[in-house]
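Have the structure open as you read.

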Amino acid sequence: MTSSPAPIPGLTARDYKSEVKPVWCPGCGDFSVLSAITKALAELKLPPEKVSVISGIGCSSRMPAYMNSYGFHGVHGRAVALATGLKLSRPDLTVLVTGGDGDGFSIGGNHFLHACRRNVDMTYIVMDNQVYGMTKGQPSPTTEPDWDSALSPGGTGLRPFHPLVIALASGANFIARGFSGDPNGTARLIVDAIRTPGFSFVEVLSPCVTFREDQRGWKKIVRPAPVDPTEDIGRAARRLMTDDGFNLGILYTGKRKPYQLRLDAVEEEPAALETQFVV
Amino acid sequence: MESEALERYLDLAEQMEVHHNPEVAELFRKMARVERKHVEKILERVGDKDLPHIPPWEYQWLGEEAAEAISNEDVHYLMTPHHALTLALGAERRAFGFYTRVVETVEPGELLELARELMEEEREHVALIEAWLAKVPEPADDWAEDPDPPLLQE
């Protein structure tokens with residue numbers, strides 16, 4: 001974080017939840033991610049009015065409604081763009097971005113690349129269930145090529161997007177993977193992500209029990225990454241390129257300075273600039 | 001552990017209400033009331049003692065989560081009271097196992113006494129839920145069949 005508002009003692013995870021009841025399917029991993037985010041905020045003792053949760057479109061993008069903080073439920077794929085504008089204009093806020101794999105890596109793929117590159121201080125939490133759940137189960141950018149479904153008979157045959165590799169190559173300053181079945185471990189990752197200055201990317205494997213019943217088996221596959229966090233970008237690249245997608249933990253943490261708006265570089269007032277345009 | 005179980009039962013009850021399964025919602029609320037009593041009792045014992053703050057990820061549970069909490073991933077919107085009680089029974093058995101482990105490993109003193117007391121209470125809870133479960137009909141084979149599914153690939 002570039003700013004550190006006065007912490008409020010005595011806040012619990014429940015204090016960060018709103019009165020709105022989530023409409024996610026029972027069994028959905030996103031419930032546990034909500035729990036992890038609120039636990040993380042309670043640990044950091046951040047005043048709810050100093051936190052803003054920004055999202056795009058999708059099941060997981062409903063997150064801002066379920067939280068007792070500021071929030072913005074934006075348009076499809078544009079959450080990190082919105083969050084970038086917010087953080088630059090209000091650097092005192094802790095900005096979280098929440099969404100899914102379709103919203104973030106397909107519709108918002110371009111924004112994802114450039115958010116990593118710009119390295120504005122925010123935390124992007126992607127609940128990856130490898131499917132477009134809200135629109136009835138189409139394959140997403142992270143879906144396996146052989147996932148056979150009514151909407152993708154025989155599978156797409158397409159190579160899946162590897163978000164962590166892309167994040168590293170594009171300049172994200174913190175890269176981690178969590179699992180919704182371990183909300184406490186995920187809360188820890190989110191705390192570390194928020195504390196790390198710059199663009200932090202946390203992929204959370206979050207099963208879609210409606211269209212990807214097979215993902216209930218993830219809890220038997222995931223395991224802590226058998227390595228410590230590294231600051232070495234080459235080592236992180238080798239680690240991520242050979243990763244099977246089920247290693248949990250902090251996989252890279254860098255020291256790039258976050259991008260901040262240079263207000264001193266603005267020489268003219270907006271009114272003066274307006275004279276250059278025909279209205 | 002008891003607080004986490006209470007919070008989870010309340011969350012699950014909300015989920016079932018949203019998905020029009022009032023019978024299971026009420027069952028989870030009943031379980032929440034039981035857990036709330038446990039929380040209150042423990043808080044009474046704590047009294048004015050200053051407890052250390054421990055982040056949630058530093059608790060040494062026997063699994064990923066507090067032993068008595070039902071996993072969010074184990075529920076279904078069409079689940080029956082039998083399913084819910086089976087999950088609750090598993091949670092109570094894990095809690096019993098946890099306190100048993102504490103009893104077996106701590107030195108004699110106040111903590112041992114408290115752990116023994118809680119272990120016995122969990123044993124009672126296990127017996128109560130077993131008896132409750134015996135009275136509840138088992139789910140039909142087609143319990144998960146929804147003639148009008150909310151989300152269907154077409």
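Strands here are DSSP runs (E, at least two residues), helices are runs of H or I with at least four, and both are numbered from the N terminus. Two strands count as paired if DSSP finds at least two bridges between them.

Before going further, note that this is a predicted model, where local features need pLDDT of at least 70, side-chain atom pairs count only at pLDDT 80 or more, and totals for chains, interfaces and linings use all residues. Residues are numbered from 1 along each chain as its sequence is written, while chains are lettered from A and ligands numbered from 1 in the order in which they are written.

| Strands | Bridges | Facing residues |
|---|---|---|
| β3(A) and β4(A) | 5 bridges | Gly99(A) and Val126(A) |
| β7(A) and β8(A) | 6 bridges | Ile175(A) and Phe201(A) |

Zooming out, the open sheet has 8 strands in the order β2-β1-β3-β4-β8-β7-β10-β9 (chain A), with mixed pairing.

How many residues of β8(A) are buried? It's 7 of 7, where buried means that 20 or more other C-beta atoms, placed from the backbone, lie within 10 Å of the residue's own. Phe199(A), Phe201(A), Glu203(A) and Leu205(A) point one way from β8(A), and Ser200(A), Val202(A) and Val204(A) point the other way. In a regular strand, side chains alternate between the two faces of the sheet.

Now the helix: β7(A), α6(A) and β8(A) make a right-handed β-α-β unit (with the strands pointing away from the viewer, the path over the helix runs clockwise from the first strand to the second). Within α6(A) (residues 183-195), Ile190(A) touches Ala36(A), Ile37(A), Ala40(A), Thr123(A), Ile125(A) and Val202(A), leaving out residues up to four places away in sequence. Contact means C-beta atoms, placed from the backbone, within 7 Å.

Ile190(A) is also among the residues that touch the most other members of the largest nonpolar core, which has 72 residues. Such a core joins buried Ala, Val, Leu, Ile, Met, Phe, Trp, Tyr and Cys residues through C-beta atoms within 7 Å. Helix α1 (residues 30-44) of chain A gives the most to this core, with 8 residues.

Finally, the two chains meet through 20 residues from chain B and 27 residues from chain A.

Notes
Axes are lines fitted to C-alpha atoms, for helices over the stretch in contact, and angles run from 0 to 180 degrees between N-to-C directions. A residue is buried if 20 or more other C-beta atoms lie within 10 Å of its own, exposed if 12 or fewer, and partly exposed in between; C-beta atoms are placed from the backbone.
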